[in-house]
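Reader: I would like to learn how features of a protein model are read, with the cut-offs stated along the way. Could we work through one structure together?

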Amino acid sequence: MSALRSLFKQTFIYGLATVLPRMLSFLLVPLYTTEGVLSSVAEYGQVSVIFSYFVVFNVILAYGMETAFFRFFNKQKDQEAVLSTSAISLVISSVLFVCIALYFQDPIAKFIDIPSKYINLVIWILLLDALVIIPFAWLRATERPMRYAIIKIVNVAINLGLNIFFLLALPSVVSEESLFKAIYRPDFEISYIFIANLVASAFTFILLLGFYSKIRFKFDKQLWKQMFRYAFPVLVAGVAFSINETFDRILLDRLLPADIAETEIGMYSACYKIALFMTLFATAYRLGIEPFFFSHSKTENPQDNYARILEFFVAFGSIILLGVVVFADALKPLIVRSEAYWEAMWIVPIILLANFCLGIYHNLSVWYKITDRTKFGAYISIIGALITLVINFVFIETYSYKASAVATLIAYAVMMLLSYVLGRKYYPVPYNLKKIGLYMSLSILLSFLSFYRFRGDYMAGISMLIVFLMVVFFLEKQQLKQLLKN
């Protein structure tokens, strides 16, 4: 129980580090979807496509080194060597990337059909984000969650503040004599979004710059080879995951008719954000459990703790799934301000459930990380990516973003099941399948009934939520009492 208390403490702080910044950035969605801020739904669609490429290149520039760092930092006696080698590796690769990307920025812009003025800003943001990967990982590995949380919050506060200044305040204060006239450009909204992101990333890098003064800058070639062998499957899995997570926007942009593509993407991306509550919970949990998995892998019977961790995750995740679905229509005007986007609300339960499955998959992934079989993580993610690509290619032209939402759900559900089946063979964990199955099946059934059958009937929806909460409390009351008592 003490191990679980430690986990929940770190997960709570990492939750603050994840939830509070994302709640701040969450305000960007109503900002962008307010009429008059961006010129159209299509313009928000263009921003969403660019951020989709962000996700892909962030994974490539990290190339699994963060996960390798955690594994070897807990495994090697010489932790300084792990720290120095991984940091130097990422610095060198990031600088090389910038040199190549700046040289070829015009061909890249033409190939992916994004204006080169945005590409230039994106390149520098990607560099700065890559340079803080190991410093942030070091804060997590050395259990300094408060500093991690503060820096994350400051980053997004700057990003949010500059977005509000550029998109709301600046146009209203500009005049012929205004000092702000020099920095104001009409029809420059998308550039302002990425300038705000660049300034926030630069400030974060400055806050973490002291990390580089503490390492000894000694590169261990043999250690790097071992780390890269461990990291490469994580890279492959990460690229495949980014395809599952964001490539649907790129495919929608490519496969739908040009006159409707960006509008469809704008509606899809805006309503997708309503599922952020599940993403926040799953991300906070993952940030807490990843160091926990490695640090407790050599304790007596760690599988028992891993089983209970998943049980708690499914219980809380099921409550979030049902709760957000019941109140989805009440939340939508707060998050997605313009009715022009609401046509895509159909996807909300689908995306919530998809992210729930993804969270369970991350919990189940302990087996291949602990046993150094990261290649299986790559195989599973590749299968998920192939499912995503096939369903999108076959059905986008007919069903548009609905096909993308269903593809995401099927891909993550298959990945979850595959990880469980393979984990039973290589690293058996005594999961309580009856209780987990009950929570999942009941929450899914009630969620889909609430949204697709009783949508708008809050009496029915709230009644379903209360019934489910009573079921969870009855089955978990002893565990909850023990945790609260401790």
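Reader: What span should the 22 residues of helix α3 have, and how far apart are its end C-alpha atoms?

Author: The general idea is that the expected span of a helix is 1.5 Å times one less than its number of residues, where helices (H or I, at least four residues) and strands (E, at least two) are DSSP runs numbered from the N terminus. For α3, residues 41-62, this gives 32 Å, and the end C-alpha atoms are 32 Å apart, which agrees. This is a predicted model, in which local features need pLDDT of at least 70 and side-chain atom pairs count only at pLDDT 80 or more, while totals for chains, interfaces and linings use all residues. Residues are numbered from 1 along each chain as its sequence is written, and side-chain values use heavy atoms, with hydrogens and water left out.

Reader: How many helices and strands does the protein chain have, and what percentage of its residues is buried?

Author: The chain has 22 helices and zero strands, and of its 486 residues 55% are buried. A contact means heavy atoms within 4.5 Å, and of the contacts with a separation of 6 or more, 84% are between residues 24 or more positions apart. One case of separation in sequence is Tyr379 and Val236, which are 143 residues apart in the chain while their C-alpha atoms are 8.4 Å apart in space. Tyr379 is found in helix α19 (residues 374-399) and is partly exposed, with a relative accessible area of 45%.

Reader: How many salt bridges does the structure hold, and which side chains does Asp329 meet in this way?

Author: A salt bridge is a side-chain nitrogen of Lys or Arg within 4 Å of a carboxyl oxygen of Asp or Glu, and the structure holds five. Asp329 meets Lys332 at 3.3 Å, N to O, and Asp329 also forms a salt bridge with Arg455, whose closest N and O atoms are 2.7 Å apart.

An α-helix has 3.6 residues a turn, so residues three or four places apart point the same way. Asp329 and Lys332 are three residues apart in helix α16 (residues 328-335), and are therefore separated by about one helical turn. Both Asp329 and Lys332 are buried, whereas Arg455 is partly exposed at 39%. Elsewhere, Glu311, Lys435 and Glu476 are linked in a network of salt bridges.

Reader: How far from Glu245 is the nearest side chain of opposite charge?

Author: In reading charges, Lys and Arg count as positive and Asp and Glu as negative, while His and the chain ends are not counted. Glu245, in helix α12 (residues 221-255), is buried yet has no salt bridge, and the nearest side chain of opposite charge, that of Arg249, is 6.2 Å away. Arg249 itself forms a salt bridge with Asp248, the closest N and O atoms being 3.1 Å apart. Asp248 counts as buried at 1% relative accessibility, and Arg249 is buried at 9%. Leaving aside neighbours within four places in sequence, Glu245 is in contact with Tyr272, Asn355, Leu358 and Tyr412.

Reader: Which residues make the nonpolar surface patch, and which helix gives the most to the patch?

Author: Patches are made of residues with over 30% relative accessible area and no salt bridge, where like charges are joined within 9 Å and nonpolar side chains (Val, Leu, Ile, Met, Phe, Trp, Tyr) within 5 Å. Here Ile92, Leu96, Ile100, Tyr103, Phe104 and Ile108 make a nonpolar patch of about 630 Å², with accessible areas taken from the Shrake-Rupley method with a 1.4 Å probe, and for residues only the protein chains shown counting as cover. Helix α5 (residues 79-103) gives the most, with four residues. Ile92 is in helix α5, and Ile92 counts as partly exposed at 47% relative accessibility.

Methods:
Buried means under 20% relative accessible area, exposed over 50%, partly exposed in between (1.4 Å probe, protein chains only).
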